[in-house]
Amino acid sequence: MSVLLLVLSALVLIYFSIGGKTAAIVMSVATLVGVANDGWHLLSFVIGGLLLALALLITLPGDLRLDKFSRPLLGWVRSRLPKLSPTEQEALNSGSVDWDGELFSGKPEWNKLLDAAPAHLTSEEQAFLDGPVEELCKMLDDWQITHEHYDLPDKVWKFIRDKGFFGLVIPKEDGGLGFSNTAHSEIVMKISTRSVSAAVTVMVPNSLGPGELLMHYGTDDQKHHYLPRLAKGKEIPCFALTSPVAGSDAGAIPDKGIVCKGEWNGKEVLGLKVTWNKRYITLAPVATLIGLAIKVYDPEKLLGGNDDIGVTCVMVPRETDGVNAGARHLPMNTVFMNGPTWGTEVFIPMEQVIGGQDMLGKGWKMLLECLSIGRSISLPALGTGAGKLASLATGSYAYTREQFGRTISQFEGVQEALEPIAGYTYMMDAARLLTAGMLDRGVRPSVPSAVLKYRNTDLMREVINHAMDVVAGRGVITGPRNFLARAYQAVPIGITVEGANILTRSLMIFGQGAIRCHPFIVEEIEAAGMEDEDKAAKQFDGIFYRHLAHTTRNALRAFVLGLSKGWLETAPRQGDIQKYYRQLGRFSAAFALMTDVTLLTVGGGLKARQRLSGRMADCLVQLYYATAVIKQWHEEGYPDDQRDLVEWCLQTCLHDLQDSMRDAIINFPVPALRWPLRLLVFPLGATGLNGPDDKLGAKVAATIVNDTPVRQRISRGTFINMDPDDPLGRVLNAYNLANETAEMRQRLHKAIRNRDEDELDGIALLMGHQRKELVDWACAQGIIKADECPKMEEALTALYDVIRVDAFDADGLKALAKGAKGKRKVVERPAKG
């Protein structure tokens with residue numbers, strides 16, 4: 001009894017995070033009660049005393065614990081903790097932790113999510129969206145841009161410059177618009193629904209830089225000179241990181257700068273002799289200011305320090321002797337300016353180092369800080385924009401396209417494709433807004449930025465593929481009528497750039513998050529790295545036992561909540577979705593437990609265990625997106641017409657989360673831990689979270705088909721064009737006419753179905769383009785009233801026009817091909833420079 005009471009007491013104390021003197025008193029009372037109940041049996045007394053002593057030892061710090069336990073444990077922990085390279089250490093120190101830290105804690109504080117300031121637009125930002133952004137979108141003809149001009153028209157470039165699109169986030173005092181990160185995201189998203197090429201052109205100067213780098217790290221002189229010029233488009237920037245042999249890994253780039261003296265503007269100054277070879281650089285063909293990530297070396301010790309100074313960010317004016325740029329890549333038939341740039345021993349003064357000479361060697365941290373901003377906005381906005389465009393266009397097309405006398409949106413097979421289009425788009429938008437809100441609060445979300453970039457671009461691929469399945473041949477034929485082709489072709493770009501998704505998922509998200517967001521690991525790594533053994537042992541002693549209690553608590557929470565199917569977890573009452581809060585709390589505890597077990601057993605070998613890291617990343621992704629959906633619904637006041645979407649998203653996330661967690665456990669690299677982990681995380685088996693059923697799926701599919709406010713909510717932020725000659729406008733115009741004439745067309749279809757072929761006077765043999773004959777027959781038969789005939793003919797004309805595709809005669813194809821011809825250039829630096 002004494003042992004049982006002590007164990008139960010310890011579990012309760014750990015579960016509710018009770019420590020210190022309170023814990024010692026409870027354990028003492030439990031010992032006395034236990035041994036008294038056992039009749040003061042010697043064995044019970046001894047066992048109880050030992051357990052009490054252990055509890056006191058852990059609970060009450062002292063020299064005995066430090067010398068006998070903590071010092072030996074520190075040596076063992078040093079062998080298990082991940083060993084960080086200098087670039088990884090800088091990555092660890094960059095950015096900040098927000099809601100992602102709560103998900104890693106095992107017990108999220110939901111009020112921190114619900115009470116956080118949401119993403120929002122000012123009246124000035126909304127006016128810019130309704131004004132210049134709307135006007136820009138009207139100027140864009142994507143077919144002409146991608147197949148005739150292979151560039152944005154000159155008038156579009158001028159409009160972008162004149163209206164300040166290159167200075168969205170540059171402060172007003174520096175000549176920019178000073179907009180929020182949310183506004184930046186909304187602007188890029190809206191433009192992307194019209195033209196990916198235009199959206200990329202706008203987003204790049206406003207994300208990585210060098211404008212962003214100058215805003216945060218530039219000297220006063222650099223800011224005063226460059227920021228107004230960048231904001232007004234007098235300078236076109238690019239930033240070159242990617243190297244042919246090293247990709248975007250700044251730690252491995254061969255591009256270099258050698259500290260030396262040289263001539264600049266007629267004077268001898270200290271500077272760098274820079275050699276680089278970069279590719280895939282957006283805006284490089286037209287850039288007047290080229291930002292570079294290089295490694296700096298000082299072999300002559302002109303700066304008096306180490307030879308190897310490290311990664312540095314510099315700016316090279318395009319007109320500088322030795323700079324090569326201008327050739328173009330063509331990324332998947334999008335024509336935003338992208339190409340290589342290279343130079344050999346190009347001299348620049350120290351004043352061209354971003355932040356000046358003091359920032360030599362600090363470029364990797366600068367890049368990480370700014371990448372967390374750009375990756376949180378640009379590509380996630382493009383992915384969301386693609387989802388919104390697909391939802392609006394495909395839902396409309398599914399309603400207007402008829403087969404067997406009824407709309408194809410009524411076919412369950414089509415609904416099965418429409419369902420994830422609607423659900424995933426809502427999910428992407430919620431995650432985008434959650435993260436934009438963080439940025440506007442001053443958070444630098446290094447882990448959420450990787451989560452958002454990976455998942456939104458991945459969901460973009462899912463959504464566009466489903467949309468192509470629904471639209472079928474209508475989406476396959478290239479031409480001015482095609483409203484999906486460019487989004488479909490742009491998918492691999494989003495998947496690949498700013499950190500390829502394979503790399504982001506399998507290495508970055510969990511690898512960085514497990515350390516960056518963990519409440520104790522960072523301090524333990526610091527203690528393990530201290531040279532002073534006494535200080536190291538004391539710091540370790542102050543954190544390790546709290547870490548041990550944290551892990552034990554999460555193991556208990558995961559087991560108890562799994563056993564009770566989450567019902568013992570407390571949950572907010574808003575929205576009447578407590579069952580989802582409980583499951584998310586349960587899996588947060590399981591995720592935190594799995595994180596600790598992984599770090600303690602796999603440790604530094606995690607880099608090589610990329611399947612495990614990827615599955616754990618998937619768990620974090622599902623937790624993040626589910627909570628983003630809850631946050632968004634909360635901010636909108638829990639409208640009931642969004643409930644089906646919200647429940648679909650939460651059920652989908654929890655189902656995928658369960659599968660990812662199960663896969664991580666049954667494939668855990670330490671086989672002996674698989675069964676214990678399955679018992680703790682899934683005590684009743686990995687069942688019960690089956691995802692949305694068909695009934696809910698059909699309701700979600702209908703959200704982008706039926707003309708309701710929720711359809712408008714899903715597509716909110718899309719550029720709307722009702723022109724029947726526009727690719728999207730053609731579908732939307734037909735959709736509106738189909739809704740207006742729905743009852744008339746039902747009468748017509750019913751009349752045709754209910755009559756024998758002989759009684760139809762040959763009407764069943766009419767072709768689709770013989771609409772006037774069909775309408776005339778229907779009017780003569782009294783099926784349609786005389787005053788309804790013009791509207792009916794207009795609707796049938798629009799419905800037939802929607803399914804038509806482009807066709808080119810031989811001369812037309814030759815003209816098209818002629819426009820595509822151009823001088824082919826080698827896109828890498830020649831071998832001899």
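This is a predicted model: local features need pLDDT of at least 70, side-chain atom pairs count only at pLDDT 80 or more; totals for chains, interfaces and linings use all residues.
Local features need pLDDT of at least 70 and side-chain atom pairs count only at pLDDT 80 or more, while totals for chains, interfaces and linings use all residues. Residues are numbered from 1 along each chain as its sequence is written, and side-chain values use heavy atoms, with hydrogens and water left out.

Helix α10 spans residues 154–162; helices (H or I, at least four residues) and strands (E, at least two) are DSSP runs, numbered from the N terminus. Val156, Trp157, Phe159 and Ile160 of this helix are buried, that is, under 20% relative accessible area, where exposed means over 50% and partly exposed lies in between (1.4 Å probe, protein chains only). These four are on the same side of α10 because they cover an arc of only 165° around the axis, the arc being that of the directions from the helix axis to the C-beta atoms. The face turned away from the buried side carries the exposed residues Asp154, Lys155, Lys158 and Asp162. Among the elements that cover the buried residues are α8 (123–139) and α12 (196–206). Gly164, with a positive phi near 85°, follows α10.

The loop between α10 and α11 (181–192) contains Asp174. Asp174 counts as buried because its relative accessibility is 14%. Leaving aside neighbours within four places in sequence, Asp174 is in contact (heavy atoms within 4.5 Å) with Leu227, Pro228 and Ala231. Asp174 and Ala231 are 57 residues apart along the chain, and their C-alpha atoms are separated by 7.8 Å.

Strand β4 (residues 289–297) has eight of its nine residues buried, so it is largely enclosed by the rest of the structure. Strands pair if DSSP finds at least two bridges between them. Strand β1 (residues 237–240) runs parallel to β4 and is joined to it by four bridges, with Phe239 opposite Gly291. Strand β2 (residues 256–264) is also parallel to β4, through three bridges, and here Lys256 stands opposite Lys295. The pairing of β4 with strand β5 (residues 308–317) is antiparallel, over nine bridges; Ile294 faces Thr312 there.

The structure holds one cavity of 30 Å³ or more. A cavity is a set of points on a 1 Å grid over the protein atoms alone where a 1.4 Å probe fits but cannot get out, and lining residues have an atom within 4 Å of a point. Grid points are joined across faces, edges and corners, and the volume is the space filled by probe spheres set on the points. The largest cavity contains about 60 Å³ of space. Its lining includes Ser192, Val196, Leu382 and Met460, and helix α15 (residues 363–400) supplies the largest share, four residues.

Conventions: On a 1 Å grid over the protein atoms alone, a cavity is a set of points where a 1.4 Å probe fits but cannot get out, and a pocket is an open set with protein on both sides within 12 Å along at least five of seven lines; lining residues have an atom within 4 Å of a point.
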